[in-house]
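Please keep the structure in view while reading.

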Amino acid sequence: MKLSVVIPVYNDPGGIDATLQSVVAQDHATYEVIPVDNNSTDETSAMIQEWAERHPDRIRPVAERGRQSSYAARNAGVRAADGEIVVFIDADMTAPTDWLRRVEEAFTATSIDYLGYEVETYVPDGNEGFWGWYDSVMGLPSRYHYEQKQFVPTACLAVRRAVFGRVGLFDDRARSGGDKEFGQRVHRHPDLTQGFRGDIVVYHPARTTFDAHRKKAVRVGRGLARLAEPLDADGRRVLLELLLHAVPPDPRRIRRRAPDCTPPQLLSLYVANMLLRYVRLGGAVSHFFRRDLA
């Protein structure tokens, strides 16, 4: 079974360097790597080309110039893919050498069409601090998203390529939230099945500053707001989810995510989580008023 690994990237030569180094080291014989440069203005394209020249039989670069969106870049990768399974990973992430082999085993052992798995967030050396610790604890809760909201982030997603012919590609207008909208489209399809594997893990570096968390929260809020348009049944549900951001989070959810933390640590996580909820809400409001807060 051939796999296609799609990696969208924008202005991150160090990130795509680390990811490609990890991906070309897989212990799987039949796969291709499709880095998609989303109109970068720095050395990203040159870094991709350098890797492609070193591994011409493995790496097939693609460019997405028409729309500035990671989902547009992923769609360009899907269109270029030859593999039966399309596997997504973000630039700056890494994976163990058995990642693709385990992904293939999950698809061959079952009839699933859409596979999610775990993301472990780690703090890079020399970047210890509150916000890095916060991200390493709260991280990307892919299992929670899968069980509660029927999707996983594209950072830990693999899909049979035929699925895109059944439900369509990602919404390329999305700056954030396109993974949720796509996953729920798959979930609603009567003939497609989803699955999750807790023994497959990829690694994501933590965001180590408040500004990095703020920018992500604004982007997520704006993405959710866009998904609320038009105000049909799905749009009203997303709008309700946005309005609930004004309500303080349930402290039990924080405890479930951080069972080993002390009471003072839990309190600090709670306050930070509440602050970022309000920033996401502000991002949503900025979308409706078409103002750029990022």
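A residue is called buried when its relative accessible area is under 20%, exposed when it is over 50%, and partly exposed in between. The model discussed here is predicted. In this model Arg60 has a relative accessible area of 30%, and it is therefore partly exposed.

Arg60 lies in the loop that joins helix 2 (44–54) to strand 3 (62–63). Apart from neighbours within four places in sequence, Arg60 is in contact with Glu32, Val33, Ile34, Pro35, Ala80, Ala81 and Asp82. Two of its distances are set out below.

| Pair | Kind of distance | Value |
|---|---|---|
| Arg60 and Glu32 | polar contact between side chains | 2.9 Å |
| Arg60 and Ala81 | between C-alpha atoms, 21 residues apart along the chain | 9.4 Å |

Helix 9 covers residues 210–227. At 1.5 Å a residue its 18 residues should span 26 Å, and because its end C-alpha atoms are 26 Å apart, the two values agree. The buried residues of this helix are His213, Ala217, Val218, Gly221, Gly223, Leu224, Ala225, Arg226 and Leu227.

In soluble globular proteins, nonpolar side chains tend to be buried together. The largest nonpolar core in this model has 59 residues, of which Val87, Trp99, Val103 and Tyr117 touch the most other members. Leaving out residues up to four places away in sequence, Trp99 touches Val5, Val23, Gln26, Val87, Phe88, Ile89, Tyr117, Ile200 and Val202. A second, separate core has 14 residues, including Met138, Ala217, Tyr270 and Val279. Ala217 is also one of the buried residues of helix 9.

Methods. Residues numbered from 1 in each chain as written. Predicted model: local features only at pLDDT ≥ 70, side-chain atom pairs only at ≥ 80, totals over all residues. Heavy atoms only, no water. Core = buried A, V, L, I, M, F, W, Y, C linked by side-chain atoms within 4.5 Å. Buried < 20%, exposed > 50% of the residue type's maximum accessible area, 1.4 Å probe, protein only. Contact = heavy atoms within 4.5 Å. Helix = DSSP H or I, 4+ residues; strand = E, 2+ residues; numbered from the N terminus. Polar contact = N/O pair within 3.5 Å; in protein donor to acceptor, adjacent residues only side chain to side chain. Expected span 1.5 Å × (residues − 1).
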